[in-house]
Amino acid sequence: MIILILNSGSSSVKYQLWNTKKGGVQAKGLVSRIGIDKPLLEHSAGEKKYEHSPSDKIDHNQAVKLALDALVHPDYGVMKRIDEIEAIGHRVVHGGEAFAESAIIDSAVVDAIRKCIPLAPLHNPPNLIGIEACTAILPKTPQVAVFDTAFHQTMPEVAYTYALPYEYYEKYKVRRYGFHGTSHYYVAYRAAEILGKPIEKLKIITAHLGNGASITAVSEGKSVDTSMGLTPLEGLVMGTRCGDIDPAIVMFIMELESKSAKDLDNLMNKKSGLLGISGTTNDLRDVIKASETGNKRAKLALDVYTYRIRKYVGAYAAAMGGLDAVVFTAGVGENSSIIRKMILDKLEFMGIKIDDSKNKRAVGKEMDISTSDASVRTLVIPTNEELVIAMETERLVK
Ligand code: ADP
């Protein structure tokens, strides 16, 4: 099946064209700077690369149109006509409690995604615009929504309930939702395949460590707890996000510095995390370099970052009552042997032991990095959210 996969964000649209019979991605690209000056399309199909910068500002409809034009371009395209696309799969960030699975998009699904806007004000509106743009250009092509939150809908009440007055859950659905679900799902199932065991018999911790980062406890193939909460701010230390803090700090700083709720939102989402502690950068590679040259705050940032993840590994093993495997994925998890080692240091008592030379060799590829006598396997698995979106789209449309 020929499937267009779309990830429509506030100022950019990422796309991939999949042919599930021909083994995957045929072409991919990014339209950036939507709604501002100097929009840019960067497209590639195998070795063929194409860039185009329209002279005027563009909206999301025009961005989708640019992507489709590139896909049928006589030199850089991979199709003759856009109606060769048989289905469209959209990454949608928040599905609230309405979606425990992907869904074929109809007006009721669009309404339900719209109802989740208060829970993801930055993400769901551009996701919806992407859907509407496709509906306008390819009205007869079926579309599927694949939600970042869906995999975590199996979490039990005990894991998703916050100890606030219960009416806030009843009135506003304030609870833990979790994100990166497509990635956690993919690497957990792939881990079971690599280990050659049925996922129903495994307890797995999946650590998605990118710019945003979250960690999930997957027991018997189901997400039973995850570190991100109502929003993607809770949990691990991230590039610019603080993750877990004492909630009273918010009121404390607001009063001391006469700041607004919006100021604090900005401070915790954009100025904290690795950037906040190191004072220089949110990019982990740069934090590691600075730490190696003796920068104390960069070293502290790394220590806090890895210590938090290690605490979650212990907590989730306790939550599941055991552990068979730890999986690392995303930019940091797939590439940084230093960070993996710092996290797992001291966890030998749990049966987690990694082989240093395997760990160093595991850069952007699937590998079991445990020692042969480790009772808990440690795996590095590059994530593939697009593959899941393509499979889900094909499954639902068929
Ligand atoms: P996003 O959440 O934006 O998709 P990625 O999954 O691409 O992010 O991860 C980006 C992060 O991965 C950055 O902080 C980057 O520094 C980090 N990263 C990438 N390669 C390495 C590496 N070799 N060592 C340490 N960190 C790395």
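Modeller: The largest cavity has a volume of about 80 Å³. Please bear in mind that this is a predicted model.

Biologist: What makes this space a cavity, and how many cavities of 30 Å³ or more does the structure hold?

Modeller: A cavity is a space where a 1.4 Å probe fits but cannot get out, and the term is therefore used for this one. The structure holds one cavity of 30 Å³ or more.

Biologist: Which residues line the largest cavity, and how do they divide into nonpolar, polar and charged?

Modeller: The lining consists of Tyr-160, Thr-161, Tyr-162, Leu-164, Pro-165, Tyr-166, Tyr-168, Tyr-169, Val-174 and Arg-175. Eight of these residues are nonpolar, one is polar and one is charged.

Biologist: How do you know that the second largest pocket lies between domain 1 and domain 2?

Modeller: Domain 1 (2–147) and domain 2 (196–380) both contribute residues to the lining of that pocket, so the pocket lies between them. The centres of the two domains, taken over C-alpha atoms, are separated by 30 Å.

Biologist: How much space lies in the second largest pocket, and which residues are the closest to its centre?

Modeller: The second largest pocket contains about 370 Å³ of space. Its lining has 19 residues, of which Ala-100, Ala-150, Phe-151, Tyr-185 and Glu-392 are the closest to the centre. By type, the lining comprises eight nonpolar, six polar and five charged residues.

Biologist: Which element gives the most to this lining?

Modeller: Helix α6 gives the most to the lining of the second largest pocket, with four residues. At least two residues each come from β8, α6 (181–195) and α15 (385–397).

Biologist: Strand β8 also contains Gln-143. Why is Gln-143 called buried?

Modeller: Gln-143 has a relative accessibility of 6%. Buried means under 20%, so the term applies to Gln-143.

Biologist: What makes the pairing of Gln-143 and Thr-135 a polar contact?

Modeller: The side chains of Gln-143 and Thr-135 are joined at 3.0 Å, and the cut-off for such a pair of N or O atoms is within 3.5 Å. Leaving aside residues up to four places away in sequence, Gln-143 also touches others, including Ile-88, His-90 and Cys-134.

Biologist: Why is Leu-302 called buried?

Modeller: The relative accessible area of Leu-302 is 4%. The limit is under 20%, and Leu-302 therefore counts as buried. Leu-302 is part of helix α11 (residues 296–320). Among the residues that Leu-302 touches, not counting those up to four places away in sequence, are Leu-284, Ile-288 and Met-342.

Biologist: What makes Lys-38 exposed?

Modeller: Lys-38 has a relative accessible area of 60%, and exposed means over 50%. Lys-38 is therefore called exposed. Lys-38 is found in the loop between β3 (24–32) and β4 (40–45).

Biologist: What is the phi of Lys-38, and what is the phi of Ser-258?

Modeller: Phi of Lys-38 is near 50°, and phi of Ser-258 is near 45°. Each value is positive, in a residue other than glycine. Most residues other than glycine have a negative phi.

Note on methods. Residues are numbered from 1 along each chain as its sequence is written. This is a predicted model: local features need pLDDT of at least 70, side-chain atom pairs count only at pLDDT 80 or more; totals for chains, interfaces and linings use all residues. Side-chain values use heavy atoms; hydrogens and water are left out. Buried means under 20% relative accessible area, exposed over 50%, partly exposed in between (1.4 Å probe, protein chains only). A polar contact is a pair of N or O atoms within 3.5 Å; within protein, one must be able to donate a hydrogen and the other to accept it, and residues adjacent in sequence count only if both atoms are side-chain atoms. Contact means heavy atoms within 4.5 Å. On a 1 Å grid over the protein atoms alone, a cavity is a set of points where a 1.4 Å probe fits but cannot get out, and a pocket is an open set with protein on both sides within 12 Å along at least five of seven lines; lining residues have an atom within 4 Å of a point. Grid points are joined across faces, edges and corners, and a volume is the space filled by probe spheres set on the points. Ala, Val, Leu, Ile, Met, Phe, Trp, Tyr, Cys and Pro count as nonpolar, Asp, Glu, Lys and Arg as charged, and the others, Gly among them, as polar. Domain bounds come from an automatic or database domain assignment.
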